[in-house]
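Reader: I would like a close look at one part of this model. Please take the aromatic rings, one step at a time.

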Amino acid sequence: MSETGNRLRKLLESPNFDPQNYVKQLSQQSDGDRDLQEHRQKIQNLADETAQNLKKNVYKNYRQFIETAKEISYLESEMYQLSHILTEQKSIMESITQALLSTDKDETSKEMQAAFPKETEELKQRTLTSLLEKVEGGKNIMDTPGRHLVYNGDLVEFDVDNMSPIQKVHAFLMNDCLLIATWLPNRRGTVKYKYNALYDLESFAVVNVKDNPPMKDMFKILMFPDSRIFQAENSKIKKEWLEILDETKKNKVSKDRHKKEEEVPTSPVRAEVSTNPFDMDDDEPVDAEENVDLSLEWIQELPEDLDVCIAQRDFEGAVDLLDKLNEYLRDQPITPKVKDLRSRVDERVRQLTEVLVFELSPDRSLRGGPKATRRAVSQLIRLGQSTKACELFLKNRAAAVQTAIRQLRIEGATLLYIHKLCNIFFTSLLETAKEFEMDFAGNTGCYSAFVVWSRSAMRMFVDAFSKQVFDSKESLSTAAECVKVAKEHCQQLTEIGLDLTFTLQSLLVKDIKAALHSYKDIIIEATKHRNSEEMWRRMNLMTPEALAKLKDEMRSCGISFEQYTGDDCWVNLSYTIVAFTKQMMSFLEEGLKLYFPELHMVLLESLREIILVAVQHVDYSLRCEQDPEKKSFIMLNATFLHDTVLPVVERRFEEGVGKPAKQLQDLRKSTRPVRINPESTTSVV
């Protein structure tokens, strides 16, 4: 920007800028209309430049805005898990504080429980049993010893997305779990409800939902990665549910902690000395149990650390912790404490696996190519889930390839579309193969799955290819060029050791056979039509340019044509024979572009049928024609076919295929023309 423009910008950007004074001063300083117009143009240029800069600033981080919005939606479910963790931590801290400050209260409650243990327990269990008899499919819930009812009541479940009522449910809160049962529309006897779901108290968190009329008296239960919303009858019942749920979860945490503390032996018992040498083996596990030290700080905090890593999407950190634990327990005996730790860790492993599986699901964004899946795949492999990782990776890439093909717009010429289609498909296949080789380098057993997937992907490509090339009835030359393009792109895969050429050919063979037969029939019909109008006259091209063009066409087909051209623009051959020669040579060239071994006999028989139509017509004309001059001209055309055209067809077929065409050689020998007497009716032997 010029110095004048900078001064103008600073003036307009100053906080004390007064538009009226500025215009007044400008009018006084201007010499005339021209100065005002120039100044107006400067301001307009400055306005355009400012608008352009604003537009650039808006679009500069446009992609980051989109990605941020997506990440916010992804983080919503993770915040649910984090809320659950914080709630659990809060419960633990409150239970510890309560245990330290209310020792006397605990002792009193123990005395009361000792005084009336059976009556209280039996009463609670009897109440739960009578209620569960009304639930269809809830008989097995009482199989857990010590389980009793804490609270129950009717609720209405709402849809999480659109906040519309779904169904009426009855919730049973027990001392270790929460049962959700739906109301039966057609009641049978005492059965009122049907079993819907059972949640362990440690597996969910309870969150209060702020009232937003008409949506009120609601609370949410979070089970990562899902959630459910329920509405109580009124605010009082909602408050009771929240308080009792919180209190029950705290009691369960406190009870589990006391149970673990009681499992620790208070004093060692002196073992009797035995003289039996075989008793030594029985004592060794006891010593081994004492040697398993699970009191290390990182082991005690391992389950919580795994929850934090999963919530923060730190998949590598979670797997590192699991590897560290496995390494520590590798040579340790399996004691009850180890089993308990393993069970808690296995639950986190299951959650981590579910999150990684979701990362690889086709429902997620397919942008980023195969590299976007590397993180989740590598962690699943480290977790020992290489088969599942392979399956999900290939499903993800199949969905990505299918989406890319579906989004490809069909516009312009068919050959242009095929170029785009091949570029998209084979590039994606090549990138997928390289990423697969990198991710599964140490899992050679998965390579067979990739080969099978490649064949299925090739089938998807051929479906789109055939629909555009063969179903739309394109010309044989266009089809040949399209197949040639596909073959060339398929050859690119050989650089990574993957050759799918045979698969491509086997999938295309049916459509190519149909195209060859169809074009053969078109040539035969056109030849028969020209034969019906044949007058056996020399061909006059009228202009030297047309004659030169015909010579070039014949020369490009490999046919020596000079000896059959006369003075001026005459050709010593009939129009029918020349047109037939051009059509047959074009069919041969296009057929060789489409050729592969499975099509050998199809192409050979098609050429033989086409040649027979022309040869039989020449033979019939020689037999029927009585005029000696015309008979001599027909013989000249027959000689051209036998001595010039057919050898070129045989030689070109052998060059393109790699082996001689015996059927064409036999056909040429069987139709050899001879010098004839004009009065004779014999023309071909």
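Author: Start with Phe 587. This is a predicted model, and in it Phe 587 is buried, because its relative accessible area is 0% and buried means under 20%. Now look at its partner. Phe 587 forms an aromatic pair with Tyr 519. Tyr 519 has a relative accessibility of 25%, so it counts as partly exposed.

How are such pairs described? A pair of aromatic rings is described by the distance of the centres and the angle of the planes. For Tyr 519 and Phe 587, the centres are 6.1 Å apart. The angle between their planes is 10°. The pair counts as stacked, because planes under 30 degrees apart are given that name.

Tyr 519 belongs to helix α18, residues 501-532. Phe 587 belongs to helix α20, residues 575-593.

Now widen the view. The count of aromatic pairs comes to 20. Rings also gather in a cluster. One aromatic cluster is formed by Phe 393, Phe 436, Phe 440, Tyr 447, Phe 450 and Trp 453.

Rings can have charged neighbours too. Lys 168 lies over the face of Trp 183, at 4.4 Å from the ring centre. Turn to Trp 298 as well. The charged end of Lys 324 sits over its ring, 4.4 Å from the centre.

Notes
Residues numbered from 1 in each chain as written. Predicted model: local features only at pLDDT ≥ 70, side-chain atom pairs only at ≥ 80, totals over all residues. Heavy atoms only, no water. Phe/Tyr/Trp six-rings, centres within 6.5 Å; stacked < 30°, edge-to-face > 60°. Helix = DSSP H or I, 4+ residues; strand = E, 2+ residues; numbered from the N terminus. Buried < 20%, exposed > 50% of the residue type's maximum accessible area, 1.4 Å probe, protein only. Lys NZ or Arg CZ within 6 Å of the ring centre and 35° of its normal.
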